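This report describes a protein structure for a reader working with its coordinates. The sections below take up ring interactions, overall architecture, core packing, individual helices and model confidence.

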Amino acid sequence: MSDNMLRILLIGAPGTGKYSVMDVFAGRLPAGSENNSSCTVGSVMLEKLDFPFSDFAESAELKEKIDGILPAGAESPSYDEVIVMIDSSREDLGKEAEAAAGCLAGRLGGAGLVFALSQADLGMNGRYWDTLKSRPEPRLVSHLKEKAGVVDGIAAKAGLSSHHTVFFSAGGREEAKSQRLPYNIGLLMDAMLEELPEEKRKTFLDSVGEVHQTWKKMYLSGEKWGGIFSSAFGEKAEGAGRKFGLAAGRVSEIAGRIIHG
């Protein structure tokens with residue numbers, strides 16, 4: 001793997017949003033990319049691994065596939081980051097997380113790990129979703145946080161202690177007119193960046209397309225204020241400074257409109 005190439009692997013069942021995440025990151029993918037297992041955008045290689053989680057007896061097949069691209073005991077990771085896509089509206093979400101976590105344990109080789117719970121707008125069968133603001137109401141937020149907590153617990157049990165879990169909706173689906181704008185995309189990109197090795201974060205930021213300049217400004221604002229708070233009040237205040245910087249610049253609905261035009 002070349003030093004300046006950023007390689008990201010997305011794992012998930014068909015329809016869980018792998019292509020949407022690829023498109024969100026790249027801004028505009030080459031025509032026909034949704035039918036390919038991989039594509040390169042600038043210095044970023046995005047690859048997909050489809051697996052039908054509907055039959056959990058087939059988890060051995062997933063393990064075999066993952067072993068081919070993420071061999072156990074490898075000294076250096078084949079990928080800089082692995083993103084596990086899970087449909088947050090599924091009742092058996094925990095089983096999907098268990099299958100993925102069990103297969104990934106001991107195979108990441110230092111690669112970052114993000115569990116991306118997609119289709120947040122359908123987390124409670126479309127209920128408790130604010131269609132005007134394109135975001136969940138408190139009851140749905142609580143429900144989604146519970147699901148994220150389940151995934152976190154499964155990951156920790158499998159020994160995958162270093163990871164991020166984010167629930168989001170990519171938006172833009174024609175059949176779901178109640179959800180046209182993305183939700184939590186900025187937080188997903190935060191998680192993707194935070195899980196990358198330090199030396200690859202610049203590649204990530206440099207690769208952000210024009211449509212994501214708003215998110216990039218939000219992130220850098222957080223980093224800036226984190227440094228200011230840390231210098232003024234000590235390292236323990238860095239987190240508060242980052243949150244202040246993000247809050248000062250981020251309005252999710254506006255960012256969503258900019259991302260999707």
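## Ring interactions

A charge is taken to sit over a ring if NZ of Lys or CZ of Arg is within 6 Å of the ring centre and within 35 degrees of the ring normal. In this predicted model, arginine 7 provides such a case: its charged end sits over the ring of tyrosine 79, 4.7 Å from the ring centre.

A search of the whole structure for aromatic pairs returns one. The partners are tryptophan 129 and tyrosine 183, arranged edge-to-face with 5.7 Å centre to centre and 90° between the planes. The pair links distant parts of the chain, 54 residues apart: tryptophan 129 belongs to strand S6 (residues 129-130), whereas tyrosine 183 lies in the loop between strand S8 (164-167) and helix H5 (185-194). Both tryptophan 129 and tyrosine 183 are buried.

## Overall architecture

The protein chain has nine helices and eight strands. Of its 261 residues, 48% count as buried. Among contacts in the protein chain with a separation of 6 or more, 66% come from residues 24 or more positions apart.

## Nonpolar cores

The largest nonpolar core has 34 residues, of which Ile11, Ile66, Val82, Val84, Leu104 and Leu113 touch the most other members. Two or more residues of this core come from each of strand S1 (6-12), helix H2 (59-69), strand S4 (81-87), helix H3 (93-104), strand S5 (112-118) and helix H4 (138-157). A second, separate core holds 24 residues, including Ile83, Val114, Ile185 and Ala191.

Apart from neighbours within four places in sequence, valine 82 is in contact with Leu9, Ile11, Leu70, Leu104, Leu108, Gly112, Leu113 and Val114.

Helix H3 is mostly covered, with nine of its twelve residues buried. These are Leu93, Gly94, Glu96, Ala97, Ala99, Ala100, Ala101, Cys103 and Leu104. At 1.5 Å a residue, the twelve residues of H3 should span 16 Å, and the 17 Å between its end C-alpha atoms therefore agrees with expectation. Glycine 106, which follows H3, has a positive phi, near 80°.

Helix H5 has eight of its ten residues buried, so it is largely enclosed by the rest of the structure. The buried residues of H5 are Ile185, Gly186, Leu188, Met189, Asp190, Ala191, Met192 and Leu193.

In helix H6 (residues 198-207) lies threonine 203. Is threonine 203 buried or exposed? Threonine 203 counts as buried because its relative accessibility is 11%, where the cut-off for buried is under 20%. Beyond neighbours within four places in sequence, threonine 203 is in contact with Asn4, Leu6 and Ser43.

## Confidence of the model

The average pLDDT of the protein chain is 76, and 65% of the residues score at least 70. Confidence is highest in H4, at 95, and lowest in helix H9 (residues 252-260), at a mean of 43.

Over residues 250-261, pLDDT stays under 50, and the model has 17 contacts beyond four places in sequence for this segment. Where pLDDT is low, the predicted coordinates should not be read in detail.

Terms used:
Residues numbered from 1 in each chain as written. Predicted model: local features only at pLDDT ≥ 70, side-chain atom pairs only at ≥ 80, totals over all residues. Heavy atoms only, no water. Core = buried A, V, L, I, M, F, W, Y, C linked by side-chain atoms within 4.5 Å. Buried < 20%, exposed > 50% of the residue type's maximum accessible area, 1.4 Å probe, protein only. Helix = DSSP H or I, 4+ residues; strand = E, 2+ residues; numbered from the N terminus. Contact = heavy atoms within 4.5 Å. pLDDT = per-residue confidence, 0-100. Expected span 1.5 Å × (residues − 1). Phe/Tyr/Trp six-rings, centres within 6.5 Å; stacked < 30°, edge-to-face > 60°.
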